[in-house]
Amino acid sequence: SKGLTVGGNLYLADTPITSLPKGLTVGGYLNLANCTSLKELPKDLKVERYLDLENTPLSTKTNGEIKAMVGLNGYIKGEIYR
């Protein structure tokens, strides 16, 4: 499969990112806290540990909405923090 794979944790908190690459796989946790321009997650996003969406436009979404966003081939194995 195509996409970017990060073996460990990916810490992008407090960055001005507006999107993540399609098919991103994170072997640890994905911290997106305070990424206030990030409005969606890519299809096929795979996160082996937790996902931190604190203080982002995504923090209002339910776990179900987040799971629908990453699609059938994506997953977040750990907690989703808001």
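**Core, sheet and rings**

Let's start with one leucine. Set aside its neighbours within four places in sequence, and L32 is in contact with L12, A13, I17, L20, L38, L41, L51, D52, L53, E54 and T56. Keep in mind that this is a predicted model.

L32 also belongs to the largest nonpolar core, which has 21 residues. Along with L30, L41, L51 and I66, L32 touches the most other members. Helix 1, residues 63-70, gives the largest share of this core: three residues.

Strand 6, residues 51-52, runs parallel to strand 8, and two bridges join them. Look at L51: I80 in strand 8 stands opposite.

On to the aromatics. How many aromatic pairs does a search of the whole structure find? Two. In one, the rings of Y29 and Y50 have centres 4.7 Å apart and planes at 5°, so that pair is stacked. Y29 lies in the loop between strand 3 (25-26) and strand 4 (30-31), and Y50 in the loop between strand 5 (46-47) and strand 6, so the pair ties together parts 21 residues apart in sequence.

Y50 also pairs with Y81, edge-to-face, at 5.2 Å centre to centre and 75° between the planes. Y81 sits in strand 8, so this pair ties together parts 31 residues apart in sequence.

Buried or exposed? Y29 is buried at 18% relative accessibility. Y50 is partly exposed at 23%, and Y81 is partly exposed at 39%. Ring pairs link Y29, Y50 and Y81 into a cluster.

Key. Residues are numbered from 1 along each chain as its sequence is written. This is a predicted model: local features need pLDDT of at least 70, side-chain atom pairs count only at pLDDT 80 or more; totals for chains, interfaces and linings use all residues. Side-chain values use heavy atoms; hydrogens and water are left out. A nonpolar core is a set of buried Ala, Val, Leu, Ile, Met, Phe, Trp, Tyr and Cys residues joined through side-chain atoms within 4.5 Å. Buried means under 20% relative accessible area, exposed over 50%, partly exposed in between (1.4 Å probe, protein chains only). Helices (H or I, at least four residues) and strands (E, at least two) are DSSP runs, numbered from the N terminus. Contact means heavy atoms within 4.5 Å. Two strands pair if DSSP finds at least two bridges between them. Rings of Phe, Tyr and Trp (its six-membered ring) pair if their centres lie within 6.5 Å; planes under 30 degrees apart count as stacked, over 60 as edge-to-face and the rest as tilted.
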